[in-house]
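Below is a short note for a colleague who will work from these coordinates. Please read it alongside the sequence.

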Amino acid sequence: MDRKGGCLVCGNELVYSEFAGPPECFYCGNVYDTNTTCIHHHYICDACQSASANDVIERYCIHTSSTELQSLCEFSVLNKECH
Ligand SMILES: [Zn+2]
Ligand SMILES: [Zn+2]
């Protein structure tokens with residue numbers, strides 16, 4: 001599946017907006033100086049785009065406040081330590 005050109009979060013088209021302000025990376029939460037996000041203002045930085053799925057989950061876990069995701073994170077960290 002070719003997802004190039006679309007949002008990696010929701011699949012909608014990426015747009016250039018001067019008005020939305022610098023976006024936070026959806027995964028790591030860092031703010032980046034770019035104007036290209038999807039129509040829902042999602043943004044994923046280069047580092048997260050090239051990171052492995054596990055790395056991305058860990059980054060996402062660091063700043064998410066969702067308890068459901070926190071337990072998912074603990075699970076994936078535990079899993080990793082077992083191997
Ligand atoms: Zn999106
Ligand atoms: Zn990031």
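The points below go from model and numbering to fold, core and individual residues.

1. Basis. The model is predicted; local features need pLDDT of at least 70, side-chain atom pairs count only at pLDDT 80 or more, and totals for chains, interfaces and linings use all residues. Residues are numbered from 1 along each chain as its sequence is written, while chains are lettered from A and ligands numbered from 1 in the order in which they are written.

2. Confidence. pLDDT is the predictor's confidence in each residue, from 0 to 100. Its average over the protein chain is 81, and 80% of the residues score at least 70. By element, the lowest mean is that of H3, at 67, and the highest is that of E2, at 91.

3. Fold. Three helices and two strands make up the list of elements in the protein chain, in the order β-β-α-α-α from the N terminus. Helices (H or I, at least four residues) and strands (E, at least two) are DSSP runs, numbered from the N terminus.

4. Burial and contacts. A residue is called buried if 20 or more other C-beta atoms lie within 10 Å of its own, exposed if 12 or fewer, and partly exposed in between, with C-beta atoms placed from the backbone. On that basis 13% of the 83 residues in the protein chain are buried. Two residues are in contact if their C-beta atoms, placed from the backbone, lie within 7 Å. Of the contacts between residues at least 6 apart in sequence, 29% join residues at least 24 apart.

5. Core. Which residues form the largest nonpolar core? There are six: Cys25, Phe26, Tyr27, Tyr43, Ile44 and Cys45. A nonpolar core here is a set of buried Ala, Val, Leu, Ile, Met, Phe, Trp, Tyr and Cys residues joined through C-beta atoms within 7 Å. In soluble globular proteins, nonpolar side chains tend to be buried together. Beyond its neighbours within four places in sequence, Cys25 contacts Asn30, Tyr32, Tyr43, Ile44, Cys45 and Cys48.

6. Cysteine 7. This residue sits in the segment before strand E1 (14-16). Is cysteine 7 buried or exposed? Cysteine 7 is buried, because 20 other C-beta atoms lie within 10 Å. Residues up to four places away in sequence aside, cysteine 7 touches Asn12, Leu14, Cys38 and His42. Tyrosine 43 is 36 residues away from cysteine 7 along the chain, with 7.6 Å between their C-alpha atoms.

7. Tyrosine 16. Strand E1 contains tyrosine 16, which counts as exposed because it has 9 C-beta neighbours inside 10 Å. Outside four places in sequence, the contacts of tyrosine 16 are Asn35 and Thr36. The C-alpha atoms of tyrosine 16 and isoleucine 39 are 9.0 Å apart, at a sequence separation of 23 residues.

8. Histidine 41. The loop between strand E2 (36-38) and helix H1 (46-50) holds histidine 41. Its phi is near 65°, a positive value in a residue other than glycine. Histidine 41 is partly exposed, because it has 14 C-beta neighbours inside 10 Å.

9. Glutamate 58 belongs to helix H2 and is partly exposed, with 17 other C-beta atoms within 10 Å. From glutamate 58 to tyrosine 27, the C-alpha distance is 8.7 Å across 31 residues of sequence. Threonine 64 is in the loop between helix H2 (53-63) and helix H3 (67-82); with 16 other C-beta atoms within 10 Å, threonine 64 is partly exposed. Between threonine 64 and cysteine 28, 36 residues apart in sequence, the C-alpha distance is 9.1 Å.
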